[in-house]
Amino acid sequence: MYFLFSSDVAFTQYSYKSLTDASIEIPCIARSSSQVLQDLEIIRDGIPIASMNRSVNDSRYSVRSEAYDGDVRLILSISSVKCQDQGTYHCKMYKTDNTSLVSPAMSFTVEGNLWLNVTVI
């Protein structure tokens, strides 16, 4: 898979960590006016998982877009994080001139919750 990386589309940070069953928000910013922006999507391990223009397949995911300092921000919210959410993420911006730009990779690491059961005798 070949990506043209650009600073015009970026995550707000490039490494996230979460415990399983926690909730997290992952924002991506497209430095483009809404007149030029056709779509903005978030990709995990090469597979699109969220978009401004498509519904999300996983009920644990929700997305919202908002204006952000003259640009557009797409926020992926994951409720009840699972190990399968771990991976390499990219944000891809599609423009009305039929070009697309992709952010540098963001790493999302999921760590399991450790529950300690103690029996008092």
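1. Salt bridges. The structure holds nine salt bridges, a salt bridge being a side-chain nitrogen of Lys or Arg within 4 Å of a carboxyl oxygen of Asp or Glu. This is a predicted model, in which local features need pLDDT of at least 70 and side-chain atom pairs count only at pLDDT 80 or more, while totals for chains, interfaces and linings use all residues. Residues are numbered from 1 along each chain as its sequence is written, and side-chain values use heavy atoms, with hydrogens and water left out.

2. The Lys17 bridge. One of the salt bridges joins the side chains of Lys17 and Glu111, at 3.7 Å from N to O. The pair links distant parts of the chain: Lys17 belongs to strand β2 (residues 15-19) and Glu111 to strand β10, 94 residues apart. Strands here are DSSP runs of E with at least two residues, and helices are runs of H or I with at least four residues, numbered from the N terminus. Lys17 has a relative accessibility of 59% and counts as exposed, whereas Glu111, with a relative accessible area of 36%, is partly exposed. The cut-offs are under 20% relative accessible area for buried and over 50% for exposed, with partly exposed in between (1.4 Å probe, protein chains only).

3. The salt-bridge network. Which residues are linked in a network of salt bridges? They are Glu25, Arg64, Glu66 and Arg73. Within this group, the side chain of Glu66 meets that of Arg64 at 3.6 Å, N to O. Glu66 also forms a salt bridge with Arg73, at 2.6 Å, N to O. The relative accessible area of Glu66 is 27%, which makes it partly exposed. Arg64 is partly exposed at 37% relative accessibility, while Arg73 is buried, with a relative accessible area of 19%.

4. Disulfide. The count comes to one disulfide, defined as a pair of cysteine sulfur atoms within 2.5 Å. Cys28 and Cys91 form it, with their sulfur atoms 1.8 Å apart. The torsion about the S-S bond is about -95°, so the disulfide is left-handed. Because Cys28 lies in strand β3 (residues 24-30) and Cys91 in strand β8, the pair ties together parts that are 63 residues apart in sequence. Both Cys28 and Cys91 are buried. Cys83, by contrast, is exposed, with a relative accessible area of 53%.

5. Aromatic pairs. How many aromatic pairs does the structure hold? There are two. Rings of Phe, Tyr and Trp (its six-membered ring) pair if their centres lie within 6.5 Å; planes under 30 degrees apart count as stacked, over 60 as edge-to-face and the rest as tilted. Phe11 and Tyr14 make an edge-to-face pair, at 6.2 Å centre to centre and with 85° between the planes. Phe11 is buried, at a relative accessible area of 4%, and Tyr14 is partly exposed, at 34%. Tyr89 and Phe108 also pair edge-to-face, with 5.9 Å between centres and 85° between the planes. This pair links distant parts of the chain, since Tyr89 sits in strand β8 (residues 87-95) and Phe108 in strand β10 (residues 106-111), 19 residues apart. Tyr89 and Phe108 are both buried.

6. Strand β7 and its partners. Seven of the eight residues of β7 are buried, leaving the strand mostly covered. Two strands pair if DSSP finds at least two bridges between them. β3 and β7 run antiparallel and are joined by seven bridges. Glu25, also part of the salt-bridge network, has Ser77 in β7 as its bridge partner. β6 and β7 pair in the antiparallel sense too, over eight bridges, and Tyr68 stands opposite Asp71 in β7.

7. The β6-β7 turn. The hairpin of β6 and β7 has two residues between the strands, and Asp69 there takes a positive phi near 55°. Gly70 is placed in the loop between β6 (61-68) and β7 (71-78). Is Gly70 buried or exposed? Gly70 counts as exposed, at 63% relative accessibility. Leaving aside neighbours within four places in sequence, Gly70 is in contact with Ser32 and Ser33, where contact means heavy atoms within 4.5 Å. The C-alpha atoms of Gly70 and Ser33 are separated by 6.7 Å, with the two residues 37 apart along the chain.
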